[in-house]
Every structure is written in C-alpha cells, then in structure tokens.
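Hi,

Here is the structure I promised to pass on. Have a look at it first, and my notes follow below.

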Amino acid sequence: MVQLKELAELVGARLIGDETLSISRVAPIDSAAPGEITFLANPRYAAKLAGCKASAIIVPPGVESAGHSLLVCANPYLAFARILARLQPPVDVPREIMAGAQVHPSARLGEGVCVHPGCYVGREVRIGRDTILHPGVVLYDGVKVGDACVLHANVVVREDCRLGDRVIVQPNAVIGSDGFGYAPDGRRYVKIPQVGIVEIDDDVEIGAATCIDRAAMSVTRIGRGTKIDNLVQIAHNVIVGEDTIIVSQVGIAGSTRIGDHCTFGGQTGIAGHAKIGNDVTIAARGGVTGDIADGQVLSGAPAMPHKDWLKASMTFPKLPEIRRDVQQLKKKLAELENLLKEK
Amino acid sequence: MVQLKELAELVGARLIGDETLSISRVAPIDSAAPGEITFLANPRYAAKLAGCKASAIIVPPGVESAGHSLLVCANPYLAFARILARLQPPVDVPREIMAGAQVHPSARLGEGVCVHPGCYVGREVRIGRDTILHPGVVLYDGVKVGDACVLHANVVVREDCRLGDRVIVQPNAVIGSDGFGYAPDGRRYVKIPQVGIVEIDDDVEIGAATCIDRAAMSVTRIGRGTKIDNLVQIAHNVIVGEDTIIVSQVGIAGSTRIGDHCTFGGQTGIAGHAKIGNDVTIAARGGVTGDIADGQVLSGAPAMPHKDWLKASMTFPKLPEIRRDVQQLKKKLAELENLLKEK
Amino acid sequence: MVQLKELAELVGARLIGDETLSISRVAPIDSAAPGEITFLANPRYAAKLAGCKASAIIVPPGVESAGHSLLVCANPYLAFARILARLQPPVDVPREIMAGAQVHPSARLGEGVCVHPGCYVGREVRIGRDTILHPGVVLYDGVKVGDACVLHANVVVREDCRLGDRVIVQPNAVIGSDGFGYAPDGRRYVKIPQVGIVEIDDDVEIGAATCIDRAAMSVTRIGRGTKIDNLVQIAHNVIVGEDTIIVSQVGIAGSTRIGDHCTFGGQTGIAGHAKIGNDVTIAARGGVTGDIADGQVLSGAPAMPHKDWLKASMTFPKLPEIRRDVQQLKKKLAELENLLKEK
C-alpha cells in the first residue's frame, strides 16, 4: 500500500484529489476496484472514466473526472509503468546459494546474489550484487554477469560471455551458442571453431528461447537498453545498437550492424553483412537484403518504403485481372492496327 | 497383447475375421508383420492390402481383404489413433518425488505424481493426481497444474500460471514469460511489469520450445483442446479458443483473440489486437493484419482468400513480362494515335 | 604454441619463411598481433597485408608479402578452420560423472565421458567414449549417443533416439519431441501417439533451441555431416540427407525428404510430403510447396527460379503504376476504337 502523494512524486504528476489515498495495485480501467489506480493514455476514451471504480486515475492534461483522484502528467503510460513497478511486492528470494546449486569454488558472487537449486556456475565466473539466478540456469566457465540481473529458469550463458547490469533474460534463452560457420571441403563442411564471445550491455532484456550466437573471433554485441522478444535469432558477429526493439521471431544474419533506436517487427529477417542505420523501422515480416539508411520506415520482402508496400500489396490480388487486361489490350490493339492497315 | 475383439469394441468397429487374434502393436501398412494391426484410411490405396503382412487391418466400409481380419469403421484414422494409444505400454515412472528434485514444503502434490531429479517446485504450487514432471521442469511459486498432465524435460512455468487437466507440454517450452511491453521515455524504454498470468485449459498440447507470455495485467488463455506445435510465439493477453490447431513457428502478437476450431499453418504471423473468428483457416506463412470473420480460408501476406492468392501468386513470376507488355502497349498506342492524327 | 612447420603440414600448405615460428592463436587480419596467424581468403584484399602485424598469414597461391611468413594453399579458409581447431586449448572437463548428476545404474558410459551436474541419464542409455554432457542435459530412457559428442547445457533427447559420433548439439535443443499428429473426432482432436524415433548420423551439428520431432511410427533422420542452425523446426518423419546446410528459423513440415548437399536460407519454409533433390539451394525466406528436382536454385514463396524471383520482386513495387497504366490504356484504346468507328 502506497499513498497517492508518493506515487505523484514518483512520476512528477500533479495530484488532484485526496493525496492520502492508499493505493494497493494497478488494474485495467474496466476492472479496477476501490483502492486501485488505473490510467487513461488517450483522452478519446475519457467516457470510460464515468463507470470506472478505481480510486485514482493517471490522466493526460485536460482530462477531468469528478469522482476520482487524478494524477495529471504528460505521459500517463510511462507513469503507469513506473507506478506498477513501485507497487510490485519486493522479490522474495533467499539471498544465498541454495541447496542443490553447483557453484565452482573459484567463482565470485557479490552480495545479495540468489542462486536457486539446479543452477550451475562454472570456473572463474563473476556475478555482481543482487543478481538472481532462477532454477536451472547454467553459466559456463569465465562468464561475467553484472549487478541486479535476473536470469530466469534454464537460461544458458556459454563460456566467457559477459552481461552488464540490470539485464533480464527470460526462461530458456541461450547466450553464446556457437555461430554457424563452416568451411567447405569438397562437398563436406568443416566446423570453424567459434572463439569469440557475446557482450550484453546494461538494461538489455532478452526474451524466452531467444538465441544469441558467440562471434567467430571477436564479439557479438547487444547495446544498452535494447529489448529483444522471444524466439529471436541473432547470429555471430552481429552488433546491435542501443534502445532498439526486436520483436518475436526476428532473425538477424551474421556480421550485420544495427544502429540505435530501431524497431524490427515480428518475423522480420535481416541478411548478413548489412548496415542498418539509426531510427530504422521495419514492419512485421519485413525482409532486409542490404544496407538501410537512417530513419527509413520499410515493409515487405525485399523491404521497400512502407507506403509503396501498402499500395503494391493492395494491388497484388488484382494481378491476374491486370494480366487478363493486358492480354486483351494486346489483342484489341493488334485488331486496330490491322484495321488501320486496311484503310 | 490385446485381443482384436477388445480393440473392435474400443473403437466401435465391426469385426470381420478372427476376434481372438492377439495384437501386439500398430505398424505402417508397408512394414507391418503378423501379430500387428495397420490401417487403410483411403479406399484408393486398397491395392496395398494384397501384400500386407499385418494380421488385422482397420478399414473404411466397403473395403474387403480375404487374407486379413478387418475392423470396419467410418473413421479408420481416428480408430488407429485410439488403438495405438491402447497398445502403448503403460508409462513406467516412479510415482514419487525422486532424489535430486527440489519441492518446496508448502507445495501440495496429488497421488501418483512423479517428480524427476532436477525438477524445482516452488512455494504453494499445486499439482493434481498422476501428473508427471520430467527432469529439469521448473514450476515457479504459485503455479497450479491439474491431473494427468505430462510436462517434459526442462519445461518452465512461471509464477502463478495455471494448467488444466491432461495438458501435455513438450521439452523446453516456456509458459508465463514476461510479455514484451515497454513505455517510451524519450528514446529509452521503461519495462512495464507483466503482472498477469497464463491459463492453459484442459487437453491442450504445447510444442517444444514454444513460448506463451503472461498477460500484462490479466490473462493469456489457451482454450480446451487446442494443439500448439513447436517454436510458436503467443504474446501477452492473447486469447485462443478451443480445438484450434497452431502449427510450428506461428507468431501471434499481443491482445489478439482467436476463435474455436481454427487452423494456422506453419510460420503464419498474426498481428496484435486482431479478432479472428471461428473455423478460420490460414495457410502456411500467411500474414494476418486485421480482423477475420468466421469460416474464412486465407493465404498470403497480407492474407486474402486462398483462391485469389493461388491465382495471384501464380501470376507473380510473370510480372516483369506484364510490365514489358504494358510499356510496349503504351508505345504502340501512341504510334497509333499519331497515325490517326495524321490521317 | 605450435610451430609454423607443424601447421603447414597439418593443412598441406607450402611454407615460405620461418618454419620455427611459434604461433599462439588465430586472429582477424585487422587485429592480429605478433605470434598470431591470420588468413587472406581473397587475393583482392591483398592490400590489407601491408599493415598486418601477424607473424604468419595463410594465403592462396600467387599472393606475396615480404614481411610475413606465409602458408600457401588452395583453400585458405579451410586451412584457417583446421588451424583454428588445432590451436584451441584442449577441452578441460573432468572425465567422470560429477556430483549432482543422476545416472541410472543400467546406463553404460564409455571411457572419457563427462557428465556435468544437473544431467539426467535414463535407463539403458548408452554413451560412447569421450562424449561430454554439459549441465542440465536430459537423456530419456533408451537413448544412444556415440563417441566424441558434445551435448551443450539443457539439451533434451527423448526416449530411444540415437545420435552417431562427433555430433554437436547447442544449448536447449530438443531431439525427439512428439510429432504434431492428431486425428479429428468431430470438432475435437485425438492425439496420435508418436512411437517412432529420431536418428542423428555422424558429424551432424544441431543449433540452439532447434527442435527435431520423433516420427509417428518409424524414423526422423538427419544424414551425416548435415549442419542445422538455431531455432529450426524439423517435423516428424522428415528425412534429411548428408552435408546439407539448414540456416536459422527454417521450418520443414512432416514426411518431407531432402537430398544431399542442399542449402536452405534462413526462415525458409518447406511443406510436408515434398521430395527435395540433391544440391538444391533455397534462398532465405523461400517457401517450398512441392517437389524440387536436383540442382535447382530457388527463391520466393512459392519458390521459383532465383533469377525470375529477382526480376519479379524488383517489379513488385511498380505494380500500382502498372495497374494505372493498364486502366489508362483501356480508356485510350476505347477512345481510339470509337474514333475509328466514326470514321
């Protein structure tokens, strides 16, 4: 339970109403109950406030609601995220190496680290303060994990890879698997040992069952603040910039470099050795086959400007009709030509 | 070994031949041996029966075969599935918490539950009767699992998620990972805590490495009898109806609602916040960008009626030729116009 | 540290320079230091050699570099792969069943096998010599694994599946999950027990989180030397030939047969029951809906000859313009026809 006044201060909102209200949790606007707080991100839906039973509502400037205490701020969605985090009960895990975990004697763990049963922590591993390893996490030899990270169950980090601070990894993700590299020897393939690593910078989040391959010889890197969804493939030697959003089932092929603040929609594929600028947006299922300049908004495969793709893909179902028209035009035109010759 | 008579009764088939035959197992029609049973789903392949060495054959009405005992029934494929299940040896696992498993003292497990080594069962977990946890399964605090479920090795179910009865989860699937939700704060992203859950209803099957994200604030739900293949992504707040088939590598974006008895082919993508009706079929690799009415059969991306897609995609390789034709037509028509002006 | 002479002999290269040089590791051409070896695969980049600080360079015939010792050979990339492997420090793991592993007493393990903590080895499992199981690997009952395999952390191999020799499996891959098979019973689906297995032949590599389903009744097989990337789906009863390359996020549907020495680009989808010949190449994101003859190079979905696809997909953005042109042509032609009638 937190007083509304404290929440207003947390998010820098103007408080209209009862600042001593005790708020227990955040709830959706349709199901919120007394003692709860909800939010209205878009003034167009202000009509919903009339029937809302929440005690308090986070609203953008200009929205009024007689029956509720209000937190007025420019970005209600952001305020909602922060208040939700504030109202979460503190994580309740034992700050210790629990029975059934295997930690190599040469590993060094900071204060407040929690290692659940079934975890394996290899030789010379370093873990910062307050990091939580859920059950079944495997850290190979030489791995470094920063402070306040959360590695969910059955995450694997292979040898010598490094995670920064406040990195969150969802269950069953893999960091540092071998890159997919082979040298042809006639019709057979010889494995090229992948001796590089993966570096994950601060505040990155990695989705469930996502795979990030170690570099062939140097580094695969995910920049600060980048958020990666589930089942994403990031190949060896890829460099991703900061604050980039990579939605589920995207695949990024080897040695591609991606800038800051990009967004890749779900199931997008990006070819190898491409250079993608900053602030690039690729709509879902896009296929990128080469370099992309800063600020482009692309769709389709091969990717093209989003507006062009919209028009072309709306025309696509009419293709058989267009073809028939063209064949008829050819016929008619030939008839006309003959007619003119005769005259 | 089961008598043919018992199998006939199990599937409601008419038995022609020796009802005392002992049947040991089911085998493919080409490799079946004496003592085995096979099936013929399609009368068109009845010629195969001549060389078949099986003792008994499940056939549709109207098929005869002098040298075999027959089980005649309307749906031989269904009968085959049921007989195959009947002939499986009973699952042979110790009905106990095995050494090397970690079960929190506050967890409550029903009779006949098997917990293999390397499993982790958190606080206040509830598991129904006869459920099997294979090695390395992790159930976070507050998880509820029903009766007669099978959770294969290294499956992770995160906090407070609920599974009904007879749910089968293939290895390394993840249920209840955080939904992919962030609020922009300038160019950075702030994580929105995902405080909802996942509910899996009775008789659902979930494929290997499939990920089902917990809701932001309420529930992600998979309806009774729905079958999900491997490597599928189901985002937060998605609601899937009953008896729906979701083939491998499909991705369903957040808050989408899907009806009953749909089929989504492999690698299909479905956008967020869409409403998909009942009995909708999307062919493999379809891309659904909005709402779909009941009973539609769609293909392509963006999805269109399957017949339209077939024609359009067959015409697609001819696009360069069509373009050349159009350019030539324009030229010829201009020549004709000039010719006419001159006359 | 290895003498250059030994490396030359290893790869059958002609040595120009100091054969007693001690080489410590392989490094990229731009960052190599004294004591290291690098390689030049393409003579076009020979200008880079001038500034290169490596002690030795692997080069194709005809390339000279005054300041370096040279290993001259026909395939520098292959030589690089072999030298890199030679210079890797030997794998340093205890050749024993480590504390915290669960190995059934009926399992038989060869000499030099390493079983890490958190592994589970079921009844009647057979493991050859020198195989390494990393932490959390689960081998169900009856699994057979050959010699010198490496199974990375949290890999799952389900009952009775077989791996040959020198098979490498990246973390969290799943071998032998149930195939996706159901018989309709009205609107509901009845599971068809999947009683077949998976066979992985020698020298196969399987990527992280890749899933290979067991056959319905016989065998799903991956042929010798085939390399499979991360997050790939291989359905039940698929047969893949030898030395085939399957890039990340490819999906292959049930009962499809694939020949030798094929290459499937990332995110490609292959329909069920297809026959794909030998030496077939499908570019990234291809969609294969039927049989493919030997030696084809295809792109697009549905897949077509790569050159046709290049032209058609380059024309695609012009589709709205083509349609407008056709409509205008129809109008103009009608005008001309009227004009001619009047004359």
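What does chain A average in pLDDT, and what share of the residues score at least 70? This is a predicted model, so I started there: the average for chain A is a pLDDT of 96, and 100% of the residues score at least 70. For the model as a whole, the scores are ipTM 0.96 and pTM 0.97.

On to how the chains are arranged. Chain B superposes on chain C by a rotation of 120° with 0.0 Å of shift along its axis, and the RMSD is 0.0 Å. That is what a three-fold axis does. Chain A goes onto chain C with a turn of 120° and a shift of 0.0 Å along the axis, again at an RMSD of 0.0 Å.

Now the interfaces. Between chains B and C, 52 residues of chain B are in contact with 53 residues of chain C. On the chain B side, α2 (76–87) and α4 (319–342) each supply at least two residues, and α4(B) gives the most, with eleven residues. Sorted by class, that side of chain B has 26 nonpolar, 17 polar and nine charged residues.

The contact between chains A and C takes 54 residues from chain A and 52 residues from chain C. Here the elements of chain A that give two or more residues are the strands β20 (174–177), β21 (182–185), β22 (188–191) and β25 (211–213), plus the helices α3 (306–315) and α4. The largest share on this side of chain A comes from α4(A), with eight residues. By class you get 30 nonpolar, twelve polar and twelve charged residues on the side of chain A that touches chain C.

Helix α4 of chain A also packs against chain B. Its partner there is helix α3 (residues 306–315) of chain B, at an angle of about 55° and with the axes 8 Å apart. That angle makes α4(A) and α3(B) oblique to each other. If you want to zoom in, look for A:Leu319, A:Pro320 and A:Arg323 in α4(A), which meet B:Lys311, B:Ala312 and B:Thr315 in α3(B). The residues of this helix contact divide into three nonpolar, one polar and two charged.

Next, the sheets. Chain A has an open sheet of nine strands, in the order β9-β12-β15-β18-β23-β26-β29-β32-β35, with parallel pairing. At the edges stand β9 (108–109) and β35 (275–276) of chain A, each with a single partner strand, so one side of each has no neighbour in the sheet. At the β35 end, two bridges join β32 (residues 257–258) of chain A to β35(A), and the two strands run parallel. One pair to click on is A:Ile258, whose bridge partner in β35(A) is A:Ile276.

In chain C, have a look at the open sheet of five strands, ordered β2-β7-β6-β5-β4, where the pairing is mixed. Its edges are β2 (14–16) and β4 (25–26) of chain C; each has a single partner strand, so one side of each is left without a neighbour in the sheet. Within this sheet, β6 (residues 56–59) and β7 (residues 69–72) of chain C run parallel and are joined by four bridges, with C:Ala56 having C:Ser69 as its bridge partner in β7(C). Helix α1 (residues 4–11) of chain C packs on the sheet and touches β2, β6 and β7 of chain C, its direction making about 15° with that of β7(C).

Also in chain C, strands β21 (residues 182–185) and β22 (residues 188–191) run antiparallel, joined by four bridges. C:Tyr182 stands opposite C:Lys191 in β22(C). Their hairpin has two residues between the strands, and C:Gly186 takes a positive phi near 65° there.

Last, some backbone details. Where is the cis peptide bond in chain A? It runs from A:Ala301 to A:Pro302, with omega near 0°, and A:Pro302 lies in the loop between β38 (297–299) and β39 (304–305) of chain A. In chain B, a cis peptide bond joins B:Ala301 and B:Pro302, with omega about 0°; B:Pro302 lies in the loop between β38 (297–299) and β39 (304–305) of chain B. One more to check is A:His261, a residue other than glycine with a positive phi, near 60°. You will find A:His261 in the loop between β32 and β33 (263–264) of chain A.

Cheers

Conventions. Residues numbered from 1 in each chain as written. Chains lettered and ligands numbered in written order. Predicted model: local features only at pLDDT ≥ 70, side-chain atom pairs only at ≥ 80, totals over all residues. Contact = placed C-beta atoms within 7 Å. Nonpolar A, V, L, I, M, F, W, Y, C, P; charged D, E, K, R; others polar. pLDDT = per-residue confidence, 0-100. Least-squares fit on C-alpha atoms with pLDDT ≥ 70 in both. Axes fitted to C-alpha atoms, helices over the stretch in contact; angles between N-to-C directions. Parallel < 35°, antiparallel > 145°, perpendicular 65-115°, else oblique. Pairing = 2+ DSSP bridges.
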